[in-house]
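Subject: Structure handover

Hello,

Here is the structure for you to look over. My notes on the cavity and the ligand site follow below it.

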Amino acid sequence: MNNIAILGAGFSTSTLCYYLNEKDIKVFEKARGPGGRSSTRKVDDIGVFDHGLQYISPKDKNFSEFLKLNKSVKQWDGDFVEIDGKVSVLPPSEKLIGITGNNDFVKSNINLDQCHFKTRIERIEYQNDHWKLIDDSSNEYLAKKIILTLPQEQTNILIKDLDLKFEIKENFMKPCFTVMLALKESPIFKHSGYVIKNNKIISWCANESSKLRDLNNKDLTLLTLQTTEEYGFANFKRYRENKEYILNEILSEFLDIFKIDESEVIHKNVHGWLYAFSENQSSEVFWDDKKYIGITGDWFTGGRAENAWINAKLLSEKIDRS
Ligand SMILES: Cc1cc2nc3c(=O)[nH]c(=O)nc-3n(C[C@H](O)[C@H](O)[C@H](O)COP(=O)(O)OP(=O)(O)OC[C@H]3O[C@@H](n4cnc5c(N)ncnc54)[C@H](O)[C@@H]3O)c2cc1C
């Protein structure tokens with residue numbers, strides 16, 4: 001039996017692994033590797049796309065200092081502009097990214113030997129003084145303490161029958177899509193990031209090539225597009241039925257905005273995030289010091305990595321005190 005089982009291998013878990021005084025930890029993650037929504041897609045001969053978290057702009061002084069101690073983080077340089085009929089340069093602000101990809105930060109604190117990947121936990125049961133976890137292949141694991149770092153809806157599903165003093169609120173997390181594109185090297189994209197205003201489909205375009213990562217093919221221009229929440233909401237069902245349709249609809253809008261011919265596109269892919277962002281719900285992270293179950297995540301206070309860090313740090317302090 002492990003001392004602590006943590007569900008999810010994203011930014012929250014990375015923070016917990018760093019701060020918890022306990023090292024006998026097992027991490028259970030449904031995906032193939034660590035990252036969660038701070039994820040990076042590598043495409044052979046093309047390069048690296050941050051198709052989840054785009055960058056970190058730390059507001060909290062402690063978070064900022066913490067990030068600067070992390071050797072896997074660097075500044076994302078260049079101009080960031082807003083497109084709203086005309087192009088205007090935005091005021092400069094600190095933007096931090098991973099040196100090789102935005103999952104670098106998560107990877108830097110999670111020991112891979114502690115992880116069970118491709119393991120979706122489907123049920124958890126309290127058994128007097130410990131927890132039983134059951135995965136999607138009916139394997140069972142035991143742990144004295146358990147921490148959930150999953151998006152809100154996935155947390156709600158696992159805890160609904162547990163009789164905890166935790167208020168289950170309706171899921172407020174919103175979907176979006178990201179499109180990963182490689183174009184023949186294009187002189188049009190001289191800025192690092194583009195905020196697209198007043199467009200029903202696309203809200204943001206990141207110039208991945210401007211991140212200057214070693215794996216990026218220098219003969220190509222790599223871009224990641226992010227859609228509006230409204231488009232995500234309206235189209236998630238369709239995405240599940242016909243991914244290609246959604247990809248081509250977003251692509252066609254992009255080509256129109258930037259006046260580019262489709263023949264310039266040499267790689268395209270889309271990823272749908274069902275639980276991408278949340279508003280600040282002003283909730284406090286949960287720790288039950290009798291049953292030893294904790295719940296955290298960015299969504300308690302708003303869908304940003306900084307909130308994932310603040311909340312996970314807070315939970316680790318509660319656990320260490322109990
Ligand atoms: C497209 C996009 C762009 C973003 N841009 C920014 C940005 O620019 N700046 C910023 O600060 N934040 C941004 N964010 C938000 C940021 O990514 C999150 O705040 C942060 O990654 C949350 O980390 P987490 O560990 O709390 O949750 P997650 O990263 O969601 O980790 C939860 C993990 O749990 C796993 N999981 C779920 N259910 C189960 C289960 N039953 N069993 C096992 N594992 C399970 C999931 O696979 C996931 O890996 C963005 C998010 C998205 C989607």
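The lining of the largest cavity splits by class into 7 nonpolar, 4 polar and 1 charged residues. Please keep in mind that this is a predicted model.

The cavity

There is 1 cavity of 30 Å³ or more in the structure. The volume of the largest cavity is about 70 Å³. Which residues line the largest cavity? They are F11, S38, L53, I56, S72, V73, L96, I97, G98, N102, D104 and F105. Two elements, β8 (96–98) and α3 (104–109), each contribute at least two residues to that lining. The most comes from β8, which gives 3 residues.

The ligand site

The shell around the ligand counts 36 residues. S12, E29, R37, Y55 and D298 come nearest to the ligand. By class, the shell residues are 14 nonpolar, 16 polar and 6 charged.

- S38: an N or O atom of the side chain is 3.1 Å from a ligand oxygen atom.
- Y55: a backbone N or O atom sits 2.8 Å from a nitrogen atom of the ligand. Y55 is also among the residues that come nearest to the ligand.
- R304: a polar backbone atom is 3.4 Å from an oxygen atom of the ligand.

How much of the ligand does the protein bury? Taken alone, the ligand exposes 1,000 Å², and the protein buries 94% of that.

The largest share comes from β17, with 3 residues.

Where does the ligand lie relative to the domains? Domain 1 covers 2–37 + 105–171 + 281–321. Domain 2 covers 41–58 + 73–101 + 172–277. Both domains give residues to the shell around the ligand, so the ligand lies between them.

That is the handover.

Best wishes

Conventions:
Residues are numbered from 1 along each chain as its sequence is written. This is a predicted model: local features need pLDDT of at least 70, side-chain atom pairs count only at pLDDT 80 or more; totals for chains, interfaces and linings use all residues. Side-chain values use heavy atoms; hydrogens and water are left out. A residue is near a molecule or strand if one of its heavy atoms lies within 4 Å of it. A polar contact is a pair of N or O atoms within 3.5 Å; within protein, one must be able to donate a hydrogen and the other to accept it, and residues adjacent in sequence count only if both atoms are side-chain atoms. Accessible areas come from the Shrake-Rupley method with a 1.4 Å probe; for residues, only the protein chains shown count as cover. Helices (H or I, at least four residues) and strands (E, at least two) are DSSP runs, numbered from the N terminus. Ala, Val, Leu, Ile, Met, Phe, Trp, Tyr, Cys and Pro count as nonpolar, Asp, Glu, Lys and Arg as charged, and the others, Gly among them, as polar. Domain bounds come from an automatic or database domain assignment. On a 1 Å grid over the protein atoms alone, a cavity is a set of points where a 1.4 Å probe fits but cannot get out, and a pocket is an open set with protein on both sides within 12 Å along at least five of seven lines; lining residues have an atom within 4 Å of a point. Grid points are joined across faces, edges and corners, and a volume is the space filled by probe spheres set on the points.
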